[in-house]
Amino acid sequence: HGSPFHTADANLLLSKVKLDEPDYGDPVEIEDDDVPCFWCCGVTCLEAVKSANLPIVITHSPDVKNSKQGNIRDDPKERNVNAITLPNQLWHACHALASASSVIITTGFPCLIDFAIPTESDGPLGAVMLARTLCLLGKKVTLVVDSANVNVLRACLTRATKLAPSLDSLCTVVHFEAISTSDPSPSASEKAQHLLTTTKAEAVVAIERAGRSSSGHYYTMRARLMDHLVEPIDEIFLAAQKMGIITVGIGDGGNELGMGKVKELVETNIPNGEVIACSVSCDFLISAGVSNWGADALAAGTVVLSPSSHKDAEKLIPDIDTERSLLQACFEAGCRDGVAPSQEMSVDGMLFESEHRAKIIELQAIVCAAIQPKS
């Protein structure tokens, strides 16, 4: 917006303008030695136009970049996710996937350590929905998962393949195990490098994937150890970074793979943050109220940045029927809600037919507005 159109002494201004009660956005605290600066804003002219009572007005469509980020930043679990959110990360991640031809996606957060199948419903659904979109765009996808989460992920992918048969040739599942029966067994880092090389991956995405803390352990949000359920898939991120391959992390609590990018913010703003914070960083970090929401936004944004696919966008982006069916497959395979384990067809304590369904509708509207032909 260029330079500010007005500046003022705070002491003179505060008697006339209530900066602590803005019409839009969050209030800004003004210190005694601060000089308030004011820039023009698109909202200002829209307010003037509305008050003019004109019969018709033509204006621009909403900013899809910021709309998508806003769609996923709701904080239903009140974990203070906005305090660990960095600007423009989602859009950069969308650009990375739009230009990639081969992508690795990993997921699995076995926080339900007291159950035979510890996999929670946040993560596998988002991973397979993102894989579906990428495959329908003609990209190759490799889903990487460990023993604790592999059955749920396979069930989800099987259901997705029945709905979109093209996934059968473009999407595969790799069961990552650090300890092999071969003698001598390759290290986890060697396996990671081999996987990146053989798949010719150009991007690696972690969606609600358990991340290693500074102590080398893996923790739930309540700081319970789950080392026995987690294989060191972090090594794929670390190897990718050494090889110059883009890494994208999606999380909602600070203990997920990639959250090392905001480790200090997690330690300061998230309960148990000093213990549970992931220490492994990433190139682009998508912080979301629910990780599945972040994955859906990433899928939708990749479609927006693929102009040749716009005519089929409604078939490519996340939709209610597909997500409902895939989530049902996850529950049939034994996964549970990580917040409310007794609930069916819910993620992070929220039933699919209420909160999650509404998020999908909102995201679809944002995408449709972004790709509609400009006259």
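Trainee: Which residues lie nearest the centre of the second largest pocket?
Mentor: Cys111, Thr220, Met221, Arg222 and Gly338 lie nearest its centre, among the 21 residues that line the second largest pocket. A pocket here is an open set of points on a 1 Å grid over the protein atoms alone, where a 1.4 Å probe fits, with protein on both sides within 12 Å along at least five of seven lines, while a cavity is a set from which the probe cannot get out, and lining residues have an atom within 4 Å of a point. This is a predicted model, in which local features need pLDDT of at least 70 and side-chain atom pairs count only at pLDDT 80 or more, whereas totals for chains, interfaces and linings use all residues. Residues are numbered from 1 along each chain as its sequence is written, and side-chain values use heavy atoms, with hydrogens and water left out.

Trainee: What volume does the second largest pocket have?
Mentor: The second largest pocket has a volume of about 360 Å³, a volume being the space filled by probe spheres set on grid points that are joined across faces, edges and corners.

Trainee: And how many cavities of 30 Å³ or more are there?
Mentor: The whole structure has two cavities of 30 Å³ or more, and the largest cavity has a volume of about 60 Å³.

Trainee: Which residues line the largest cavity?
Mentor: The lining includes Leu125, Asn292, Trp293, Glu323, Phe352 and His356. Helix H12 (291–304), helix H14 (320–332) and helix H15 (352–371) each give two or more residues to that lining, helices being DSSP runs of H or I with at least four residues and strands runs of E with at least two, numbered from the N terminus.

Trainee: What lies over the face of tryptophan 293?
Mentor: Lysine 359 does, at 5.0 Å from the ring centre; the rule asks for NZ of Lys or CZ of Arg within 6 Å of the ring centre and within 35 degrees of the ring normal.

Trainee: Switching to the sheet, in what order do the six strands run?
Mentor: The open sheet has the order E5-E4-E3-E6-E7-E8, with parallel pairing, where two strands pair if DSSP finds at least two bridges between them. Strand E5 (171–175) and strand E8 (284–287) are the edge strands.
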